[in-house]
Amino acid sequence: MSVKIAFEEVTQVYGDTGKGGGTRALEHFSLEIAERNFVCLLGPSGCGKSTVLNLAAGFEKPSGGSVLIDGKTVTGPGRDRGMVFQEPLLLPWRNVIENVMLGPCLAGWPKVEALAQARHYLRLTGLERFERHASYELSGGMRQRVALARAWIGEPPVLLMDEPFGALDAQTRLVMQELLLEIWEQTRTTVLFVTHDVDEALFLGDRVVVMSASPGRVLLDLAVDLPRPRTEEILTSPRFADAKRRCLRLIGEESRRAFGHLEGDGI
Ligand SMILES: Nc1ncnc2c1ncn2[C@@H]1O[C@H](COP(=O)(O)OP(=O)(O)OP(=O)(O)O)[C@@H](O)[C@H]1O
Ligand SMILES: [Mg+2]
């Protein structure tokens, strides 16, 4: 299968880079994601996960190395990539359905079609009764669901998702995870999904990639060799527990390193 997203030896430095200053967010970050793959990215806070997504989205340019989509260098944002941010970021002067329709309207879809699709995704995300509400009238979890509908509506070939379910309660999160898998299976979009939740990563992903503490690079690239659908039986199997233990151990070490609680390299 062809490579959809590629990061080649990417370095990202923020701030004043003179005399070795600045924040080194990523260093030697390399990752290839095959078309239609679902890859989950885990790592301690501040290790560069959002930076990775911003680079793939084209919101930022790498200080070094290359970021490629379909073999072409990313030069800016595009409609081929849908993004769900860590915060919902809705336009406050637009109501719910207008927020969801934003992309299709900018892309010149006929209004009737944009409206029908927006209603479809609002129904899927459980928000059909709220289409005329302003964003300040919604709860945090509802706002995040509007952001999901907004990203899903155009069925982009690439979905970049930054802890999209972090603000949701456990029940809503499960419904949204199952919905995401359904959408992914139907549209076979390529997904790069950031989460801090190992269970979520192993439930959703074909691969789980664990990043090091800052500056972020790939420490572990684990093929999740569990059949789909991932039933309760699979999620309580020894194979699942083994994969979870490996990820947790590594993230635990890296998080302690990130907070300066590990001295030198001795673990
Ligand atoms: N626009 C920016 N300007 C300056 N520094 C930045 C910028 N964006 C990120 N950074 C820095 O880069 C590093 C990585 O940040 P990033 O947001 O990618 O981490 P993260 O892994 O997404 O963290 P979290 O899990 O807390 O969301 C941090 O040290 C952060 O301070
Ligand atoms: Mg982040």
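User: What volume does the second largest pocket have?
Analyst: The model is predicted. In it, the residues lining the second largest pocket include Ala170, Arg173 and Phe240. The computed volume of this second largest pocket is about 220 Å³.

User: Which helix supplies the largest share of the lining of the second largest pocket?
Analyst: Two helices, α5 (170-187) and α6 (198-204), each supply at least two residues of this lining. The largest share amounts to four residues, and the element that supplies them is α5.

User: How many residues in the lining of the second largest pocket are charged?
Analyst: Among the residues of this lining are Arg173, Asp197, Asp199 and Glu200. Arg, Asp and Glu count as charged. By class, the lining has five nonpolar residues and one polar residue, and the number of charged residues is four.

User: What is the volume of the largest pocket?
Analyst: The largest pocket is lined by 22 residues, and Arg81, Gly82, Met83, Gly103 and Arg150 lie nearest its centre. Its volume is about 610 Å³.

User: Which element supplies the largest share of the lining of the largest pocket?
Analyst: Three elements each supply at least two residues of this lining: β6 (81-84), α2 (96-106) and α4 (140-152). The largest share is four residues, and it comes from α2.

User: How many residues in the lining of the largest pocket are nonpolar?
Analyst: The lining of the largest pocket comprises 22 residues. Three of them are charged and four are polar, while the number of nonpolar residues is 15.

User: Which element contributes the largest share of the shell around ligand 1?
Analyst: The residues that come nearest to ligand 1 are Ser45, Gly46, Lys49, Ser50 and Thr51, out of 13 around it. Both β2 (23-34) and α1 (49-57) supply at least two residues of the shell. The largest share is three residues, contributed by α1.

User: How far is a polar side-chain atom of lysine 49 from an oxygen atom of ligand 1?
Analyst: A polar contact requires a pair of N or O atoms within 3.5 Å. For lysine 49, the separation between a polar side-chain atom and a ligand 1 oxygen atom is 2.7 Å.

Conventions
Residues are numbered from 1 along each chain as its sequence is written. Chains are lettered from A and ligands numbered from 1 in the order in which they are written. This is a predicted model: local features need pLDDT of at least 70, side-chain atom pairs count only at pLDDT 80 or more; totals for chains, interfaces and linings use all residues. Side-chain values use heavy atoms; hydrogens and water are left out. A residue is near a molecule or strand if one of its heavy atoms lies within 4 Å of it. A polar contact is a pair of N or O atoms within 3.5 Å; within protein, one must be able to donate a hydrogen and the other to accept it, and residues adjacent in sequence count only if both atoms are side-chain atoms. On a 1 Å grid over the protein atoms alone, a cavity is a set of points where a 1.4 Å probe fits but cannot get out, and a pocket is an open set with protein on both sides within 12 Å along at least five of seven lines; lining residues have an atom within 4 Å of a point. Grid points are joined across faces, edges and corners, and a volume is the space filled by probe spheres set on the points.
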